[in-house]
Amino acid sequence: MADQLDERGQLLSDLTEAPGLPGYEGEIRDIFKRAVDGIGTLEQDGIGSISCRKDGDANGPSIMLAGHMDEVGWIVRHITDDGYIKFSPLGGWWNQVMLAQRVTVHTRKGHYTGVIGSKPPHLLTGDQRSKPVEIKDMYIDMGTTDSAHVTEEMGVHIGDPIVPQSSFEPLADGKVYLGKAFDNRAAVGAVIETLKALDGVDHPNVVHGVGTVMEEVGLRGARTSSWIAEPDVAFSLDVGIAGDVPGIEKHEANQRLGDGPALIIYDHSIIPHLKLRDMVIDVAREEDIPLQQDFVMGGTDGGAIHQHRSGVPTVTICVPARHIHSHTSMIHRDDYDNIIALLVALIRRLDTETVAGLEL
Ligand SMILES: [Zn+2]
């Protein structure tokens, strides 16, 4: 299927298939750098966040687009005497989506496939079947009971990142994409594509397109990279939780795949800047870009960015996604294209006067 992807689809495929745990975002950063090569000036913070600065008007306001590069995964904490790997989660995992899944352990010597072990149903008591296995009781089976093979030949070491293994695949009519880590490569891709779309286009500001690090463990790169972007206005980009599946009520999550990007009206890390929120709604309407609005019960990079220095007008805009924080998430290509179109339209309007008018 991959050969049928256009350039945007291919970049998303590359971004999601690459590994990038919190603190281990190097491969994503490399893809980011290659993709924006020649568009702007690259700057990096001290912990790995990457910014591409693109000047429309160097005296105009600074507009920050932030998408976190990290994905949820695990790290090696111990190798047992018979070669099994005990691990800890990096980011939020629900134990019920983990058992029997393939993972890749990244060591200094290479990349090795393993599987999160599970007991066959034949051996489970009625009591065991009724409750999920705790993560602390799980292990990764590398296909050998020789611990020296695991530690010497594969070079597995405490702290090595363990990444979900999952390939990118378009489904249904080809516009629904299945793959790991759309949280948050969909946003990293949107940052890159927005920078590309602005190439050769007038915009009355300086755009900092940023790939942040370590969001999943506490918005860390958002905090540090804000010192590079020094934003006057910021858009925190992430995935939203699509509720268009059985078992989720509309009042829990009302986003639907394909109905447009979602403006987040509330989450645990930020109340959106009210005037910027309304501007996003107005611009989407003017440009005929579908826009959903929703609550998200988590936090995003916006939580850190809006508290930078004396405060930054910030909103979070999301690409709706199903099944996040698992091996297989799903987004709709139209939502992805529309979030890019919306960001371009917003950036083209954010001149000095408009930004001054955002004062509350
Ligand atoms: Zn995220």
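This section describes the fold, the cores, the strand pairing, the domains and some local backbone features of a predicted model.

The protein contains ten helices and 17 strands. Its radius of gyration is 21 Å, close to the 21 Å that the globule rule gives for 360 residues, so the protein is as compact as a globular protein of that length. The C-alpha trace spans about 65 × 45 × 40 Å along the principal axes. Buried residues make up 48% of the 360 residues.

In soluble globular proteins, nonpolar side chains tend to be buried together. The largest nonpolar core in the model has 73 residues, and the members that touch the most others are L65, A186, A190, V191, V319 and L343. Helix 5, which covers residues 182-198, gives the most to this core, with nine residues. For A190, the contacts beyond its neighbours within four places in sequence are G67, L237, V319, Y336, I339, I340 and L343.

Strand 11 takes part in two of the pairings described here. With strand 10 (residues 169-171), strand 11 (residues 176-179) pairs in the antiparallel sense over three bridges. In this pairing, P170 stands opposite Y177 of strand 11. Four residues lie between the strands of this hairpin, and A172 has a positive phi there, near 50 degrees. Strand 11 also pairs with strand 17 (residues 329-332), again in the antiparallel sense, over four bridges. Here V176 has H332 of strand 17 as its bridge partner.

The domain assignment divides the protein into domain 1, made of 2-71 + 180-356, and domain 2, made of 73-164. The centres of the two domains, taken over C-alpha atoms, are separated by 32 Å. Eleven residues from domain 1 and 13 residues from domain 2 form the contact. On the side of domain 1 that touches domain 2, five residues are nonpolar, three are polar and three are charged.

Several local features concern single residues. The peptide bond from D183 to N184 is cis, with omega near 20 degrees, and N184 lies in helix 5. D288, a residue other than glycine, has a positive phi near 60 degrees. D288 is found in the loop between helix 7 (274-286) and strand 15 (292-296). Because D288 has 8 other C-beta atoms within 10 Å, and a residue with 12 or fewer is exposed, D288 is exposed. R309 is likewise not a glycine and has a positive phi of about 45 degrees. The loop that holds R309 runs between helix 8 (302-305) and strand 16 (314-321). R309 has 9 other C-beta atoms within 10 Å and is therefore exposed.

E134 lies in the loop between helix 3 (126-129) and strand 8 (140-141). With 8 C-beta neighbours inside 10 Å, E134 counts as exposed. Between E134 and A148 there are 14 residues of separation in sequence, and their C-alpha atoms are 27 Å apart in space.

Conventions:
Residues are numbered from 1 along each chain as its sequence is written. This is a predicted model: local features need pLDDT of at least 70, side-chain atom pairs count only at pLDDT 80 or more; totals for chains, interfaces and linings use all residues. The radius of gyration is taken over C-alpha atoms; the globule rule is 2.2 Å times the number of residues to the power 0.38. A residue is buried if 20 or more other C-beta atoms lie within 10 Å of its own, exposed if 12 or fewer, and partly exposed in between; C-beta atoms are placed from the backbone. A nonpolar core is a set of buried Ala, Val, Leu, Ile, Met, Phe, Trp, Tyr and Cys residues joined through C-beta atoms within 7 Å. Two residues are in contact if their C-beta atoms, placed from the backbone, lie within 7 Å. Two strands pair if DSSP finds at least two bridges between them. Domain bounds come from an automatic or database domain assignment. Ala, Val, Leu, Ile, Met, Phe, Trp, Tyr, Cys and Pro count as nonpolar, Asp, Glu, Lys and Arg as charged, and the others, Gly among them, as polar.
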